[in-house]
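Here are my notes on this model, as numbered points. Please read them with the structure open.

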Amino acid sequence: MESEQLHRTYLDLTTPHVADACMRLGITVRCAPTGTVPLWKGTHLVGRARPARHFGSVDVFLEAIDDAEPGEVLVVDNAGRLDEACVGDLVTLEASRAGLSGILIWGLHRDTAELRTIRLPIFSLGTLPVGPQRLDARHPAALESALSGPHRVTTDDFVLGDDDGVLFVPLNRAADVAEVAVTIRDTERAQAARMNLGNSLRNQADLAGYLRARQTDRDWTFRHHLRSIGGEIEE
């Protein structure tokens, strides 16, 4: 799948669809830490990762942006610090003007009013008015990898974010994941449509049949049952 087509496909997928697809394919599900949220509801973040490890100065962000391709996501590692904001309006505007699709921060942002005006998708742990008051030694891999919680993110990763959180998918499996996620999405949409027409989820999932089967095989799980009938509501 070409990169532009992949980007368009992911724009119509949610993080739950993709998380379920990863599980089905046996790919480790990697999420940004709980509490990583967008500045406004309805945000959709999609693109290849462009990592940058913060050490107290914005120059590392400018370098990362300079190296980035349009459509990539700046993934900022500030070690989850809650005592300083590391991204503000100028870096965000620079990223936007360079064609990046958004910024993900393992840390805090500031200049919220300006960021809402710039309207580049931003995900962070929250906001704080004070910026860095330190200048640490630069990490040797500052532009090669970034951490988001326990997960190491590189340019070999694809980023998807929405109101449910942020996921990292190996870029070389992103097309496979998208294909399965589309199937899950379409199946669930069809199930919901039938429910709205009066066909209950219990009936669609043949709950009665599952309960009969479980009486003779205690090892037969609801997940086994759903896969046997093409259901997608649980992984």
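1. Start with Arg-48: Phe-158 in E11 stands opposite this residue. The two strands concerned are E3 (residues 45-53) and E11 (residues 157-162), which pair in the antiparallel sense over four bridges. Pairing here requires that DSSP finds at least two bridges between two strands. Strands (E, at least two residues) and helices (H or I, at least four) are DSSP runs, numbered from the N terminus.

2. A word on the source. This is a predicted model, in which local features need pLDDT of at least 70 and side-chain atom pairs count only at pLDDT 80 or more, while totals for chains, interfaces and linings use all residues. Residues are numbered from 1 along each chain as its sequence is written, and side-chain values use heavy atoms, with hydrogens and water left out.

3. Now the whole sheet. Eight strands form an open sheet with mixed pairing, in the order E1-E12-E11-E3-E4-E6-E8-E2. Which strands stand at the edges? They are E1 (30-31) and E2 (37-38); each has a single partner strand, so one side of each is left without a neighbour in the sheet.

4. Follow E12 (165-170) next. E11 and E12 run antiparallel, joined by six bridges. A hairpin of two residues connects them. Asp-162 has Gly-165 in E12 as its bridge partner. E1 also pairs with E12, again in the antiparallel sense, over two bridges. There, Cys-31 stands opposite Leu-167 in E12. Five of the six residues of E12 are buried. Buried means under 20% relative accessible area, exposed means over 50%, and partly exposed is in between (1.4 Å probe, protein chains only).

5. E4 (73-77) deserves a look. Five of its five residues are buried, so E4 is largely enclosed by the rest of the structure. In a regular strand, side chains alternate between the two faces of the sheet. In E4, Val-73, Val-75 and Asp-77 point one way, and Leu-74 and Val-76 point the other way. E3 and E4 pair in the parallel sense over five bridges. Ala-52 stands opposite Val-76 in E4.

6. Two helix placements are worth checking. Helix H2 (residues 15-25) lies across E11 and E12, and runs at about 40° to E12. Helices H1 (residues 3-11) and H6 (residues 174-196) pack at an angle of about 35°, with their axes 10 Å apart. Their crossing is left-handed; that is, the near helix is turned anticlockwise from the far one by less than a right angle, whereas clockwise would be right-handed. Axes are lines fitted to C-alpha atoms, for helices over the stretch in contact, and angles run from 0 to 180 degrees between N-to-C directions.

7. What makes the contact between H1 and H6? Leu-6, Thr-9 and Tyr-10 come from H1, and Ala-174, Ala-175, Val-177, Ala-178 and Val-182 from H6. Contact means heavy atoms within 4.5 Å. By class, the contact has seven nonpolar residues, one polar and no charged. Ala, Val, Leu, Ile, Met, Phe, Trp, Tyr, Cys and Pro count as nonpolar, Asp, Glu, Lys and Arg as charged, and the others, Gly among them, as polar.

8. On to charge pairs. The structure holds 13 salt bridges. Each is a side-chain nitrogen of Lys or Arg within 4 Å of a carboxyl oxygen of Asp or Glu. One of them joins Asp-157 and Arg-30, at 2.5 Å from N to O. Asp-157 sits in strand E11 and Arg-30 in strand E1, 127 residues apart. Asp-157 and Arg-30 are buried.

9. Arg-134 and Glu-84 also meet in a salt bridge (2.7 Å, N to O). Arg-134 lies in the loop between E8 and E9, and Glu-84 in the loop between E4 and E5 (85-87), so the pair ties together parts 50 residues apart in sequence. Arg-134 counts as buried at 18% relative accessibility. Glu-84 is buried as well, at 3%. Shared partners link Arg-81, Asp-83, Glu-84, Arg-134 and Asp-136 into one network of salt bridges.

10. Finally, Arg-138 forms a salt bridge with Asp-59, with the closest N and O atoms 3.8 Å apart. Arg-138 is in the loop between E8 (122-124) and E9 (146-148), and Asp-59 is in helix H3 (residues 59-67), 79 residues apart. Arg-138 is partly exposed at 34% relative accessibility. Asp-59 is partly exposed at 29%.
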